[in-house]
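Work through the exercises below with the sequence and the 3D structure open. Try each task before reading its solution.

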Amino acid sequence: MTSHRSGSNTSGISEFLLNCFVRSPRWQLWLSLPLSLLFLLAMGANAILLITIRLEASLHQPMYYLLSLLSLLDIVLCLTVIPKVLVIFWFDLRSISFVACFLQMYIMNCFLGMESCTFMIMAYDRYVAICHPLRYPSIITDQFVIKAAIFVLARNAIITVSVPILSARLHYCGRNVIENCICANMSVSRLSCDDVTINRLLQFVGGWTLLGSDLILIFLSYTLILRAVLRLKAEAAVAKALSTCGSHFILILFFSTILLVFVLTHVAKKKVSPDVPILLNVLHHVIPAALNPIVYGVRTQEIKQGIKKLLKKGS
């Protein structure tokens, strides 16, 4: 533990130690291989998707621009969390500087919110495409995507900035071992000597306001989509409508299911090992990122053809 000051921290702590799976140390060994493979898959698949959308003229449409935004967010989230976790697993380099810890906390909170918001905008895109197909070209334009991207960035960057600021301003009076693989807000805040009620409340209210409102709007969009689809008489039209929404809906399920399980394990703390929420928190930053581009690549004919063209050019 170091004794000099750092930034706004008046406690004498200049670094933290991330204590991964302290109750299940064997997890580190057998988790490192699948985690590194998932990380490489996430980086590679998202990079291929971004390059395909960039180079294939037929994919220069608002729906694919939103998908590009999702891929960029996934890449940043993965790079923020997974390399550090793997370094801990492989080399036991558990220390993280005071500034790096709170920067990681900010990026995680901000970008998870951005991802949720992007899903909500993609749900609106599908709603307009199915419920108002004739008006779709005039509503979902390139300008709409630019405005949506600015909204996604501004909303989450501004709302989530208070979380790391409040945590960084706490007085840390000696303990610097974080019982987590990542700098999660409450894992860090509970090390301080101050009352962390406000931090806990902010995390809860902020999280449910951002993610909760997005999920409600997504649910509303899909309810209206389903109602519109059921009114269609032609089976082919129904199949096409459901297919266009299927990929997007699968991605939302990946994102929200892991999040829901994570919340439930936190609620049932006494019944599950404390290492389980930590594991879910880490996996939430890599599993959706690895699966998102694959789901779209497999289920979307235009993307599949674009990737084939790209591979042919490369060979």
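**Exercise 1. Start with helix 11.** Find which residues of helix 11 are buried, and compare the reach of the helix with its expected span.

*Solution.* Step 1: helices (H or I, at least four residues) and strands (E, at least two) are DSSP runs, numbered from the N terminus. Step 2: buried means under 20% relative accessible area, exposed over 50%, and partly exposed in between (1.4 Å probe, protein chains only). In helix 11, the buried residues are Pro288, Ala289, Ala290, Asn292, Pro293, Val295, Tyr296 and Gly297. Step 3: helix 11 covers residues 287–299, which is 13 residues, and its first and last C-alpha atoms are 18 Å apart. This is close to the 18 Å expected at 1.5 Å a residue, where the expected span is 1.5 Å times one less than the number of residues.

**Exercise 2. Judge the model.** State what kind of model this is and how confident the predictor is.

*Solution.* Step 1: the model is predicted, so local features need pLDDT of at least 70 and side-chain atom pairs count only at pLDDT 80 or more, while totals for chains, interfaces and linings use all residues. Residues are numbered from 1 along each chain as its sequence is written, and side-chain values use heavy atoms, with hydrogens and water left out. Step 2: pLDDT is the predictor's confidence in each residue, from 0 to 100. The protein chain averages 87, and 93% of the residues score at least 70. Step 3: residues 1–10 have a pLDDT below 50. Beyond near neighbours in sequence, this stretch has 21 contacts in the model, a contact being heavy atoms within 4.5 Å.

**Exercise 3. Compare a record with the model.** Which residues does the UniProt annotation "transmembrane region" cover?

*Solution.* Step 1: the unreviewed UniProt entry gives 27–51, 63–91, 103–124, 144–166, 208–230, 242–264 and 276–298. UniProt positions are given in the numbering used here, feature names are shortened, and annotations may be inferred rather than shown by experiment. Step 2: in the model, residues 103–124 are 100% helix and 0% strand, with end C-alpha atoms 31 Å apart. Step 3: residues 276–298 are 87% helix and 0% strand, and their end C-alpha atoms also lie 31 Å apart.

**Exercise 4. Sort the cysteines.** How many disulfides are there, and what pattern do they follow?

*Solution.* Step 1: a disulfide is a pair of cysteine sulfur atoms within 2.5 Å. The whole structure has 3 disulfides.

Step 2: Cys20 and Cys181 are bonded, with sulfur atoms 2.1 Å apart. Cys20 sits in the loop between strand 1 and helix 1, and Cys181 in the loop between strand 3 and helix 7, 161 residues apart. Both Cys20 and Cys181 are buried.

Step 3: Cys101 and Cys183 are bonded, at 2.0 Å. Cys101 belongs to helix 3, and Cys183 to the loop between strand 3 and helix 7. Both Cys101 and Cys183 are buried.

Step 4: Cys173 and Cys193 are bonded, at 1.3 Å. The torsion about their S-S bond is about -115 degrees, so this disulfide is left-handed. Cys173 is partly exposed because its relative accessibility is 44%, and Cys193 is partly exposed at 42%.

Step 5: counting bonded cysteines along the chain, the pattern is 1-4, 2-5, 3-6. Cys78 is in no disulfide, and the nearest cysteine sulfur, that of Cys181, is 15 Å away. Cys78 counts as buried because its relative accessibility is 0%.

**Exercise 5. Examine salt bridges.** Are Arg155 and Asp214 buried or exposed?

*Solution.* Step 1: a salt bridge is a side-chain nitrogen of Lys or Arg within 4 Å of a carboxyl oxygen of Asp or Glu. The whole structure has 4 salt bridges. Step 2: one of them joins Arg155 and Asp214, at 2.9 Å from N to O. Arg155 is in helix 5 and Asp214 in helix 8, 59 residues apart. Step 3: Arg155 is buried because its relative accessible area is 14%, and Asp214 is buried at 0%.

Step 4: for contrast, take Lys309 and Glu56, whose closest N and O atoms are 3.3 Å apart. Lys309 lies in helix 12 and Glu56 in the loop between helix 1 and helix 2, 253 residues apart. Lys309 is partly exposed at 45%, whereas Glu56 is buried at 13%.
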